[in-house]
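Please open the structure in your viewer and keep the selection panel at hand.

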Amino acid sequence: MTHASNHSPNRFPVRAIVQLALVSLGLGIFFLVGIYSLLTASQTTLTCHIEPQACRLTRSTLISRQEVDFAVTQLQGAYLNSAGSVMLRVQPEYQFSEGVYAASAPYGQDILQQAIANKINAFVENPTTDLHLRVSNRLFKYVVGLTLIVTVGIFPAFLLSARQPGRRGASVRLPMVMVSLSLFLGGLLVVIAINHRIELRCANQQCVLLAWRLQDQGTLVMTAEALRAARIRQETYTNDEGDTQILHQVVLATDQGDFSLLANARAMPAIALAEEVNRFINHPATNQVNFRTDNWLLTAALGGVCGLLSGITLWWAFRS
């Protein structure tokens, strides 16, 4: 005896609908974050002229442009707030550059921000030449936004290609090209985000602290008297295996503020650097400091892997 099936062959399973809704929600969030990153990418400039005695602060994005004009005499200086942003001492105060919290300042960001504030303060104290400063996060945010948007576009491109079974080679070309572009943008994002160099050179009772990133470079020149101490700050974090690790961060305390020099999971490099700096502080006439840290090898490796995968994917797409 034949029993009729309770399931209609044309009925779309509820589980598939839920999965499709969750995937669509996730893709939509990534797409919106990408659009938001593009729209909020900004560039800020500060221009002060001796003749006429005028300053202009300009902040521009893709959809807006704001300008504030004030006299040179109204500019009283600049300082770093608790979030590490450079604030202009004008009535009312204006934010010039966006920073990060000093306790977690990565890759010399705190040094770069203080260097900007020092340039503004030097102009206020001795306004003999025009001041031109520019900060921008456009490159970083553009790459972030494009990476997210292109990555989101890969999924509908594959779905469309699956509906063209008769054109196998051509149907996969577009999604594979988008995968290649996404890998390339991801590698570029890694290079922009983590590539850095920090140097501390002390000799003859004077120190030069330098921070370099792909778009910015900041230099602080200080005397031995301006250095207070090098301290080790310990922070705990959980690695991928779920184990608790300790991060040893060397912080240089100076008259201009505290600056992060090194963050290492091993204690010995941090202790050695702190002792070297403190020896110079205690006896600046007979000691020196020559410290440099960078991650160009890691940056080159990660960026190179992404670039290689991007090239292989592009080659495979047009070979199909």
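**First stop: a strand and a side-chain contact**

Select Gln-249, which is found in strand S12 (residues 244-254); here helices (H or I, at least four residues) and strands (E, at least two) are DSSP runs, numbered from the N terminus. This is a predicted model, in which local features need pLDDT of at least 70 and side-chain atom pairs count only at pLDDT 80 or more, while totals for chains, interfaces and linings use all residues. Residues are numbered from 1 along each chain as its sequence is written, and side-chain values use heavy atoms, with hydrogens and water left out.

Is Gln-249 buried or exposed? With a relative accessibility of 6%, Gln-249 counts as buried, where buried means under 20% relative accessible area, exposed over 50%, and partly exposed in between (1.4 Å probe, protein chains only).

**Second stop: the cysteines**

Next, select Cys-48 and Cys-55, which form a disulfide (a pair of cysteine sulfur atoms within 2.5 Å) with their sulfur atoms 2.1 Å apart. The torsion about their S-S bond is about 115°, so the disulfide of Cys-48 and Cys-55 is right-handed. Cys-48 is buried at a relative accessible area of 0%, and Cys-55 is buried at 3%.

Move on to Cys-202 and Cys-207, whose sulfur atoms lie 2.0 Å apart in a disulfide. The S-S torsion of Cys-202 and Cys-207 is about 115°, so this disulfide is right-handed. Cys-202 counts as buried at 2% relative accessibility, as does Cys-207 at 0%.

**Last stop: the whole chain**

Clear the selection and colour by secondary structure to view the 7 helices and 14 strands in the chain. Of the 320 residues in the chain, 37% are buried. Among contacts (heavy atoms within 4.5 Å) between residues at least 6 apart in sequence, 54% join residues at least 24 apart.
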